[in-house]
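Subject: Structure handover

Hello,

Here is the structure I promised to pass on. My notes follow below it.

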Amino acid sequence: MSEAIISSAEEPQAVNAYGWAARDSSGILSPFHFTRRTTGRNDISMKILYCGICHSDLHFAKDEVAMTIYPLVPGHEIVGEVTEVGSNVTKFKVGDIAGVGCMVGSCGSCGNCTRDLENYCPKMVWTYNKHYHDGSITFGGYSDKFVVEEHFAVRIPDNLPLEGVAPMLCAGITVYSPMRHFGLLEHGKHLGVVGLGGLGHMAVKFAKAIGAKVTVISTSPNKKKEAMEQLGVDHFLISRNQEEMQAAMGTLDGIIDTVSAPHSLTPLVDLLMTDGKLILVGAPLQPPELPVFPLILGRKSIAGSATGGMKETQEMIDFAAKHNITADVEVIPMDYVNTAFERVAKVDVKYRFVIDVANTMNSPY
Ligand code: NAP
Ligand code: ZN
Ligand code: ZN
């Protein structure tokens, strides 16, 4: 066993950490010193290598969610190298590559936790902006190191480029989970994907890998050529083109809606065939209008879904490894993050920014 193994329940101590934090609702990030707990018996510590920029990071940094606790260190698409393991840890050893997504804790005993649905546990602890069991506020992956219970980390196979793996820890599982749960990740199914961003392009990749047909519904005509030629999208509809939308009515088994801003659901419900399902994963802040008649007249459903449990997250990573799937990313240095936020807000990224944390964080100690 490695010398780095922690063998006793020492008094929890703090280790210095360094990251970038938002301090107010401007959402502008700047360098930030803080502490993390030392490696506990069930914990692994990681040197963060890459962290993706999820649109949720913007929602939180700017307090669009009206629940931000400042200073906020965002980042929940984390890939890192294990530097230390607690004495109870069995899944990892020093030097392994681990991934952490949207959550770092849950109660472990409720009906959701016992069904591997920790993501729906009422006591689930987000990776940032939440109170951890010990009362501390969680800080995310725009930082040099991370400490997490091994249960909330997944193993990353060595055949995948790590910068492309990071976004799968949130964007990937957030679309994979409902696609599996609602029977849409199946050969021959016809899936609609609304919004070709970080989440949306992952949904396309999973669907194409399994042999499903994919229609993208987008506001961005400039994404069409690449989507069809490189992602293998079968049909690309511009949502404001009523002729195109009308011609596609009643054709889709299900839709994954990833749009981050308010938009009408009625034209999407119209695209569904009888018994079709519209799954909302995007998180616009205003409630949508609910179209009742189009639902009734086709026995259609609208549902929501939030990330995925740990077992399913590992399954998703293994599925991705088998099918050679990673996110399409633009790798950026840490100090580009504020420009990256502006570009995400302007829908100017194909399809995910990933921060090269290990090489550009420039820790001052
Ligand atoms: P993203 O990369 O910015 O992609 C969102 C896409 O939505 C854009 O690429 C764009 O696609 C479309 N869009 C943006 N503004 C729009 C507008 N005003 N009207 C219509 N379409 C618009 O964001 P993301 O990281 O994929 O996240 C998407 C949403 O999911 C965010 O709200 C995020 O907070 C949420 N989220 C939810 C969960 C969950 O657990 N449910 C997890 C992660 C993220 P086109 O250019 O193709 O139109
Ligand atoms: Zn996210
Ligand atoms: Zn629970």
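Donors here are N, O and S atoms within 2.8 Å of the metal (3.2 Å for Na, K and Ca); water is not among the atoms, so sites may look incomplete.

Some ground rules first. This is a predicted model, where local features need pLDDT of at least 70 and side-chain atom pairs count only at pLDDT 80 or more, while totals for chains, interfaces and linings use all residues. Residues are numbered from 1 along each chain as its sequence is written, chains are lettered from A and ligands numbered from 1 in the order in which they are written, and side-chain values use heavy atoms, with hydrogens and water left out.

**Zinc ion, ligand 3**

The protein donors are C107 (SG), C110 (SG), C113 (SG) and C121 (SG). They lie 2.3 to 2.4 Å from the zinc ion (ligand 3). Their spacing in sequence is C-x2-C-x2-C-x7-C. The four donor atoms subtend angles of 104 to 114°, so the arrangement is tetrahedral. That label requires four donors with all angles between 85 and 135 degrees. For reference, the ideal angle for four tetrahedral donors is 109.5 degrees.

C110 counts as buried because its relative accessibility is 18%. C113 counts as buried at 8%. Buried means under 20% relative accessible area, exposed over 50%, and partly exposed in between (1.4 Å probe, protein chains only).

**Zinc ion, ligand 2**

C54 (SG), H76 (NE2) and C170 (SG) coordinate the zinc ion (ligand 2) at 2.0 to 2.2 Å. The sequence spacing is C-x21-H-x93-C. C54 and C170 link distant parts of the chain, 116 residues apart. C54 sits in the loop between β3 (43–52) and α1 (55–61). C170 sits in the loop between α2 (162–165) and α3 (171–181). Helices (H or I, at least four residues) and strands (E, at least two) are DSSP runs, numbered from the N terminus. C54 is buried at 3% relative accessibility. C170 is buried too, with a relative accessible area of 4%.

**The sheet**

Six strands form an open sheet, in the order β12-β11-β10-β13-β14-β15, with parallel pairing. β12 (235–238) and β15 (301–304) stand at the edges with a single partner strand each, so one side of each has no neighbour in the sheet. The twist averages 20° from one strand to the next. Two strands pair if DSSP finds at least two bridges between them.

β13 (residues 252–257) and β14 (residues 272–280) run parallel, joined by five bridges. G254 stands opposite K277 in β14. I256 has I279 as its bridge partner in β14. I279 in turn pairs with A303 in β15. Four bridges join β14 to β15.

Helix α4 (residues 198–210) lies across β10 (190–194) and β11 (213–218). Its direction is about 165° to β10. Axes are lines fitted to C-alpha atoms, for helices over the stretch in contact, and angles run from 0 to 180 degrees between N-to-C directions.

**N42**

N42 is in the loop between β2 (29–37) and β3. N42 is partly exposed, with a relative accessible area of 41%. N42 and V89 are 47 residues apart in sequence, yet 5.5 Å apart in space, C-alpha to C-alpha. Not counting residues up to four places away in sequence, N42 touches N88, V89, V148, E149 and E150. Contact means heavy atoms within 4.5 Å.

Best wishes

Conventions. Tetrahedral: all angles 85-135°; square planar, octahedral: opposite > 155°, others 65-115°.
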